[in-house]
Structures are given as C-alpha cells and as structure tokens.
Amino acid sequence: MKKIAIIGGGVAGLSAAIYALRANAEVTMFEQFGLGGLVLTIDKIENYPSYKSVAGFQLASDMAAQAKALGLKVVRRRVVSLTKNGDEFTIITDRGEYTAPSVVIATGTSHNKLGIEDAYVGKGVSYCATCDGNFHRGQPVAVVGGGNAAVKEALYLADLCSVVHVIAPENSLSAEAVAVENLLNKSNVVIHYGASVSEICGDEVVGSIKIFADGVVTEIAVDGVFVAIGAKPVTDFIRIDGLNMNRGYLSVDNRCETSVKGLFACGDVTDGPLKQIVTACSDGAKAGAFSSAFSATKAK
C-alpha cells in the first residue's frame with residue numbers, strides 16, 4: 001500500500017491529500033490546529049478561480065470535507081521533529097512516533113513580530129483582523145505594515161473601525177495595485193509613510209502607540225494594533241542533512257520534490273515567488289501526485 005505523510009493542514013496540504021488519495025494512497029495528515037490553515041482567518045477571497053467572492057472559512061471547510069470523504073486520516077498532534085533513516089522518514093510528535101516512505105511538508109509560515117508587543121498580545125495586539133477586528137468595532141486601530149497582508153487587514157478593518165492608521169515602513173505601499181487603490185479611497189484610513197512603531201502604550205491593554213517618522217515621535221490613540229509585517233517559513237522541526245533551502249524556505253523542483261528523495265513540499269513553505277491560495281493548491285496537486293508515485297515504487 002502506498003503511504004504518504006503530510007505535515008500541515010492548510011490548502012496546500014489538503015490539495016496534496018486530495019490528489020494522493022485519488023491515486024489510492026493511504027494518507028495521514030499531521031495538523032496541530034484546525035484544517036485550513038491561515039485561509040480560515042481570511043474574510044473574503046476574491047481571486048480564487050470559480051468564485052467571485054468566498055469566505056476563507058467556507059473554502060477551507062469544503063476542501064477539508066472533500067479530503068475526509070476520500071479517506072484522509074488526521075493526527076492532531078504537534079510535530080517535534082522529522083528525520084530520515086535509510087528509506088524511511090520518522091515523524092516524532094508530542095505524543096507519538098510515526099514512519100512513512102514519503103513525506104509532504106505543507107507547514108506554511110508563521111507571523112513575524114515587532115519584538116515589542118508580547119505584553120499586549122491578546123490585549124489589543126493581534127495578527128488577524130478577521131479574527132479580532134470585531135472587538136474594536138467603532139474604535140480607532142492601527143495596522144503595521146505596507147504589503148499585501150497589511151493592506152488587506154486595513155481594508156477589512158476600515159468597514160468596522162472609526163479610524164484605521166496604517167504604519168507603513170516605506171514611502172509607498174507594496175501591495176497589489178487594486179487593493180492599494182481601494183484602500184486609498186477609504187475616507188477613514190490614514191497612512192503614515194516611512195514610519196515605525198517605537199512603543200505600544202496602555203494600562204494592561206493597548207491605549208496608544210508611538211510612531212517614529214522623519215525624526216519625530218508621535219503618539220496616536222488606538223484601541224488595537226494589528227501586526228502584518230510578513231511571515232517566516234515553519235521548517236525548524238526538520239532534522240535532515242542535505243536539504244536545500246533559500247532564506248529558510250524549502251527549494252523544490254517542478255515536481256515539488258526537495259533535494260532529499262521522497263521529501264516533497266508545497267505552498268508558502270517553499271521558495272516559490274508567489275504566495276497565493278491558487279498557487280498553494282497547484283503545488284499541493286503536484287506534491288500529492290508525485291509523492292504518491294514515489295511511494296508506489298517503495299511499496300513494490
């Protein structure tokens with residue numbers, strides 16, 4: 001029997017599972033949290049083919065249901081380490097050990113931090129507007145960042161909050177042109193270009209931030225701070241020699257196979273140039289199909 005382990009249950013991992021399961025592989029997915037990954041936190045998705053607009057939760061739920069209907073086995077455990085001994089991979093979780101001849105890494109990324117917010121996380125500081133934006137309805141908030149993630153967060157919050165202060169580190173926003181245009185058309189959005197957050201203030205909960213720009217420190221009253229300054233790949237659990245990486249991201253070929261035979265990767269954890277849901281699904285399809293084919297050779 002062809003056996004494949006998938007580490008990570010976002011859309012890339014789910015896509016890999018669907019393609020591997022349809023190739024009659026036995027697939028075990030390791031996911032500590034809910035299936036769907038970061039897509040679960042997206043309010044509206046408007047660039048996924050076949051949908052004019054779809055909630056992230058709905059898209060992720062549909063993918064998970066499809067994979068489960070095909071026979072996906074889910075292990076809700078945190079993966080501590082991944083090693084390889086001969087032709088077998090060993091996956092050690094916080095509650096057990098598993099082996100597989102082929103593994104797909106689909107762990108995605110984790111949010112970057114400012115380094116000054118730890119005391120306020122969950123007390124006004126958040127990394128997800130769709131998760132926590134409603135707590136700040138009608139109040140002033142700040143979004144830190146100037147890329148796609150920050151602009152999308154600000155757009156969502158602009159429909160909930162009285163004022164959205166965007167603290168952009170550069171002198172322009174680096175998000176998609178359409179998203180930037182939409183944000184600039186919001187009357188309750190104030191963009192602070194070339195600025196950084198020097199301090200988060202408040203008595204137990206966020207009450208204001210101090211920003212530094214053009215040599216001047218300005219204090220702005222806000223009820224919440226949403227940090228959207230990028231992410232880093234989740235690969236620290238991998239303990240395999242000879243694995244090619246690029247700035248921490250896994251390098252893969254056109255089959256989504258890494259430099260280690262039998263180890264595949266897909267989605268945001270790879271060094272691909274575009275981090276989108278549709279490209280994660282494409283990667284997942286390749287990883288699922290080719291890992292299944294590789295596993296088949298080991299099963300003979």
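Colleague: How many bridges join β14 to β15, and which way do the two strands run?

Modeller: In this predicted model, strand β14, which covers residues 208-213, is joined to β15 by 6 bridges, and the two run antiparallel. Within that pairing, Ser208 stands opposite Ala221 in β15.

Colleague: What is the order of the strands in that sheet?

Modeller: The sheet is open and has 3 strands, in the order β13-β14-β15, with antiparallel pairing. Its edge strands are β13 (196-201) and β15 (216-221), each of which pairs on one side only. From one strand to the next, the twist averages 25 degrees.

Colleague: Which residue forms a salt bridge with Glu199?

Modeller: Glu199 forms a salt bridge with Lys210, and the closest N and O atoms of the pair are 3.7 Å apart. Glu199 lies in strand β13 and Lys210 in strand β14, so the pair ties together parts that are 11 residues apart in sequence.

Colleague: How many salt bridges does the count come to?

Modeller: The count comes to 3 salt bridges. One of them joins Lys73 to Glu26, with the closest N and O atoms 3.7 Å apart. Lys73 lies in strand β3 (residues 73-75) and Glu26 in strand β2, so this pair ties together parts that are 47 residues apart in sequence. Lys73 is partly exposed, with a relative accessible area of 45%, and Glu26 counts as partly exposed at 24%.

Colleague: And where do Lys186 and Asp159 lie?

Modeller: Lys186 is in the loop between α5 (177-184) and β12 (189-192), while Asp159 is in the loop between α4 (148-158) and β11 (163-167), so that the pair, 27 residues apart, links distant parts of the chain. Their side chains meet in a salt bridge at 3.0 Å, N to O. Asp159 is exposed, with a relative accessible area of 57%, whereas Lys186 is partly exposed, at 26%.

Colleague: Changing topic, where does Ala55 lie?

Modeller: Ala55 lies in the loop between β2 (26-30) and α2 (56-69), and this residue is partly exposed, with a relative accessible area of 36%.

Colleague: What does Ala55 touch, leaving out residues up to four places away in sequence?

Modeller: With those neighbours not counted, Ala55 touches Ile42 and Asp43. As for Gly8, the C-alpha atoms of Ala55 and Gly8 are 21 Å apart in space, and the two residues are 47 residues apart in sequence.

Methods
Residues numbered from 1 in each chain as written. Predicted model: local features only at pLDDT ≥ 70, side-chain atom pairs only at ≥ 80, totals over all residues. Heavy atoms only, no water. Pairing = 2+ DSSP bridges. Helix = DSSP H or I, 4+ residues; strand = E, 2+ residues; numbered from the N terminus. Axes fitted to C-alpha atoms, helices over the stretch in contact; angles between N-to-C directions. Buried < 20%, exposed > 50% of the residue type's maximum accessible area, 1.4 Å probe, protein only. Contact = heavy atoms within 4.5 Å. Salt bridge = Lys/Arg side-chain N within 4 Å of Asp/Glu carboxyl O.
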